[in-house]
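Please report on the side-chain contacts and the sheet of this model.

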Amino acid sequence: MTTTRVLFLGGLGRSGTTLIERVLGELPGVCALGEIVHLWQRDLRDDERCGCGQRFSGCDFWQRVGISAFGGWHRVDVHRILALRDLVERTRHIPRLAGSSRFAKEFITLVAEYAGYYAKIYAAAARVSGANVVIDSSKHSALAHCLRHCDEVDLRVLHVVRDARGVAYSWTKKVARPEADGDEMTRYAPARSALLWNAHNAAFGLLRRRGVAVRRLRYEDFLTDPLGSVRRVAAFAGLDPSVMDLSFLDSGAVRLTGGHSAAGNPMRFTTGQVELRRDDAWRDSLLPRQRALVGAVCAPLLKAYGYPLGSTAPIPPARRGTSEYTSTGAGR
């Protein structure tokens, strides 16, 4: 059976996944697709803009992918896929998704059908682009748990984490969605984002325990050593970084070309030279009581990931066994 190698970027939104995806998408043999979990609604239904600037319906890349995958996007039943999403791809379903052979037959059939749509897109994107690896930065932990049951997908998960207090502050910001003609991205209060940070990150630890290949990358470590981080992630994805031209990247900046990200953070439209620097505005801008609340709620995982519990302490370098792990094995 032919499989498609997929690097799935997972974690909670506002953790730096879009920037990391954009950088990895510059590697030869890699095709970055954006957040495919939103393609059905935002692109097929609402015809929002691709990362190239064109409406989805006017993007030649995505039209070729649709023809290769389904014989054309008009043959895709969006309502069916969204209904399947509600039935199987929700955080509350993760205990069932992680339960191996204890599925009800009807449930596992629905999971297989839902994951199959993604497998078709991944395979078609690889064919159209000629890539060896496709990146899906959907982030959703439940989707990653669905994909582990799909035999057509060679799943590698890059679990991206960022200090929960920085994530919480980012969720309070107003961020426009230029592809949606003036709409804004969702915003969460710090308490809500802290709960989501715990739930999503813990779910990726569970995925690893189910035998899926998972590598954790702290966003702060990526910004400290982007070249080293990219080389390690490329090797994890099955590529050979020793033969790659990485001249587009140095320790302080990256040169980004255009891409075809289907959905995601507005940064997917950015091209040219982009500075790579830490954004620690949360240390001053997040209210002390909010920093304390998020720190308390997320303390166990913050400590496990090597983050200091004090909001003024610097983040120490990654230590083996705290910031990174890799597990390989049968994920079915």
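## A buried glutamate

Glu 35 has a relative accessibility of 7%, so Glu 35 counts as buried. Buried stands for under 20% relative accessible area, exposed for over 50%, and partly exposed for values in between (1.4 Å probe, protein chains only). The model is predicted: local features need pLDDT of at least 70, side-chain atom pairs count only at pLDDT 80 or more, and totals for chains, interfaces and linings use all residues. Residues are numbered from 1 along each chain as its sequence is written, and side-chain values use heavy atoms, with hydrogens and water left out.

Glu 35 sits in the loop between β2 (30–32) and α2. Helices (H or I, at least four residues) and strands (E, at least two) are DSSP runs, numbered from the N terminus. Leaving aside residues up to four places away in sequence, Glu 35 touches Asp 136, Ser 137, Ser 138, Lys 139, Ala 263, Gly 264 and Asn 265. Contact here means heavy atoms within 4.5 Å.

## The sheet and its helices

Five strands form an open sheet in the order β2-β3-β1-β4-β5, with parallel pairing. Two strands pair if DSSP finds at least two bridges between them. β2 and β5 (213–218) are at the edges with a single partner strand each, so one side of each has no neighbour in the sheet. From one strand to the next, the twist averages 25 degrees.

Strand β1 (residues 4–10) pairs with strand β3 (residues 133–139) in the parallel sense, over four bridges. Val 6 stands opposite Val 134 in β3.

Helix α1 (residues 17–24) lies across β1, β2, β3, β4 (153–161) and β5, and runs at about 150 degrees to β1. Helix α11 (residues 226–236) also packs on the sheet, where α11 touches β1, β4 and β5. The direction of α11 makes about 170 degrees with that of β5. Axes are lines fitted to C-alpha atoms, for helices over the stretch in contact, and angles run from 0 to 180 degrees between N-to-C directions.

## Aromatic rings

Rings of Phe, Tyr and Trp (its six-membered ring) pair if their centres lie within 6.5 Å; planes under 30 degrees apart count as stacked, over 60 as edge-to-face and the rest as tilted. The count comes to 11 aromatic pairs. Trp 40 and Tyr 118 are edge-to-face, because their planes stand at 85 degrees, with ring centres 5.5 Å apart. This pair links distant parts of the chain: Trp 40 is in helix α2 (residues 39–45) and Tyr 118 in helix α6 (residues 105–129), 78 residues apart. Both Trp 40 and Tyr 118 are buried.

Phe 56 and Trp 62 make a tilted pair. Phe 56 and Trp 62 are both buried.

| Ring pair | Centre distance | Plane angle | Class |
|---|---|---|---|
| Trp 40 and Tyr 118 | 5.5 Å | 85 degrees | edge-to-face |
| Phe 56 and Trp 62 | 5.7 Å | 35 degrees | tilted |

Ring pairs join residues into a cluster, among them Trp 40, Phe 61, Phe 70, Trp 73, Tyr 114 and Tyr 122.

Charges also meet rings. The charged end of Arg 96 sits over the ring of Phe 107, 3.9 Å from its centre. For Arg 218 over the ring of Tyr 307, the distance is 5.2 Å. The rule asks for NZ of Lys or CZ of Arg within 6 Å of the ring centre and within 35 degrees of the ring normal.

## Cysteines

How many disulfides are there? The count is zero, with a disulfide taken as a pair of cysteine sulfur atoms within 2.5 Å. The sulfur of Cys 52 is 3.6 Å from that of Cys 50, its closest cysteine sulfur, which is too far for a bond. Cys 50 is buried at 0% relative accessible area, whereas Cys 52 is partly exposed at 35%.
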